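I opened this model to look up a few local features. My entries follow the order in which I checked them.

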Amino acid sequence: MTCLAPTGLHRMAPNNVLPDAVAIIVLVEPLLKFRLASGDLLFKGTGALQHACPTDSTAPRIAHTSWTRNQDALPGFCTDRLLGNLMSLPATNDQNAEQIAYWNGPGGRRWLDLQHRQDALLAPISRILLDRAAPRAGEIVLDIGCGCGATSIALALRVVPYGHVLGIDVSAPMLERARQRRPQGLPVEFALADATVYGFAPGQADLLCSRFGVMFFADPARSFSNMRRGLRSGARIVFACWREPRENPWLLLPLQEAYRHVPRLPEVGPEDPGPFSFASERRVRGLLEQAGFGAIKFEAFDLSLDLADGLGLEAAVDTALGIGPASRALDDQPPALRAAAAESIRAALARHQIGDTVPLPGALWVVSATNA
Ligand SMILES: C[S@@+](CC[C@H](N)C(=O)[O-])C[C@H]1O[C@@H](n2cnc3c(N)ncnc32)[C@H](O)[C@@H]1O
């Protein structure tokens, strides 16, 4: 079992033994730190780090033994949910290793660099998602592949005061940004975890949402089955995913311009993990049916996405260079080639410029379903 965990864990437990709840608090996320700041002891128990990780590793190997819940700590509803989190320190599916490395490496770095621009660009999609998901006060919501937390925060604002949002993501740097942005007191927590294998508290959540966070699983049937375990009967899922590349010039045009100067990316199959892996309605419908979802609905949206966010051509060029497949193609390329690619991208985007905006077509599905 490979696990991701906060760095420094091994320094907290040099003998590979978790001595008491304090060690657990360090282990499992600020959620518990916060809850326990009051002095409440949520859990009693013992556990062991089965394999000490090398001191330079950020991915310790972890296993638990027995945990018991402290019945007096908090009302049952809340501790039940926490127990779900606690019992499932974030293991990962080895098949997702490449994506996990990417989102903790160059992919995550680029999203951080352009987080404001990304959120502005994708804001219309958040509005559609929230509209279709219709989160209600008091609901428990899962935000899968929550990245820097924009949608988790928006969802939490809808479920206050008694609801709760759990954002799940494999990217430590993106989650760090999400935690920094979280308004104080908002009922939203973030877990560094792989949604394919994360031990969701069974049957708790009312709603699962995702803005482009579910297309990167190596085995999506398994991932959706696992996520379904966290949903109560009748719960809704709503997620956004891109349609075919040719319908998304906002991503394809910069890539084509980059290819004039740099080698092509390795060929990926239409179902390989990546931004377009859920382009086929037929495939996604099959995956959801297989995982046990019903009332599956696909809505196609054709949007005009402003790469410049109203800030002019240079801003659009920055966006084009910083996100999507063009940014991958330009990774590690010599400065001269990058500059030449940027020039081609600039010229191509200039043809779409209207004032300080550079709108390009983007096509997506918003998929809704119910936990049957
Ligand atoms: C395109 S980004 C979208 C981020 C965010 N939802 C947004 O719209 O700003 C995809 C996200 O999915 C996350 N991700 C990829 N594989 C994952 C997995 N197996 N479990 C959880 N998150 C995953 C990535 O780390 C990344 O943050």
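Where does alanine 134 lie? I found alanine 134 in the loop between α7 and β8 (140-144). Helices here are DSSP runs of H or I with at least four residues, strands are runs of E with at least two, and both are numbered from the N terminus.

I noted the ground rules next. This is a predicted model, where local features need pLDDT of at least 70, side-chain atom pairs count only at pLDDT 80 or more, and totals for chains, interfaces and linings use all residues. Residues are numbered from 1 along each chain as its sequence is written.

Is alanine 134 buried or exposed? Alanine 134 is exposed, because 11 other C-beta atoms lie within 10 Å. The cut-offs are 20 or more such atoms within 10 Å for buried, 12 or fewer for exposed, and partly exposed in between, with C-beta atoms placed from the backbone.

Then I took the whole chain. I read 15 helices and 14 strands in the protein chain. Of its 372 residues, 45% count as buried.

Next came the ligand. I listed 24 residues around the ligand, the closest being Trp103, Gly145, Gly147, Ser171 and Arg211. A residue is listed if its C-beta atom, placed from the backbone, lies within 6 Å of the molecule. α5 (97-104), α7 (115-133), α8 (150-159) and β9 (164-169) each supply at least two residues of this shell. By class, I read twelve nonpolar, nine polar and three charged. Nonpolar covers Ala, Val, Leu, Ile, Met, Phe, Trp, Tyr, Cys and Pro; charged covers Asp, Glu, Lys and Arg; the others, Gly among them, are polar.

I finished with helix packing. Helix α6 (residues 106-113) and helix α9 (residues 172-181) have axes that come within 8 Å and cross at roughly 25°. Axes are lines fitted to C-alpha atoms over the stretch in contact, and angles run from 0 to 180 degrees between N-to-C directions. So α6 is roughly parallel to α9. Angles under 35 degrees count as roughly parallel, over 145 as roughly antiparallel, 65 to 115 as roughly perpendicular, and the rest as oblique.

How do α11 and α15 compare? Helix α11 (residues 249-258) packs on helix α15 (residues 335-350) at about 135°, with the axes 8 Å apart. α11 and α15 are therefore oblique to each other. Their contact divides into six nonpolar residues, one polar and one charged.
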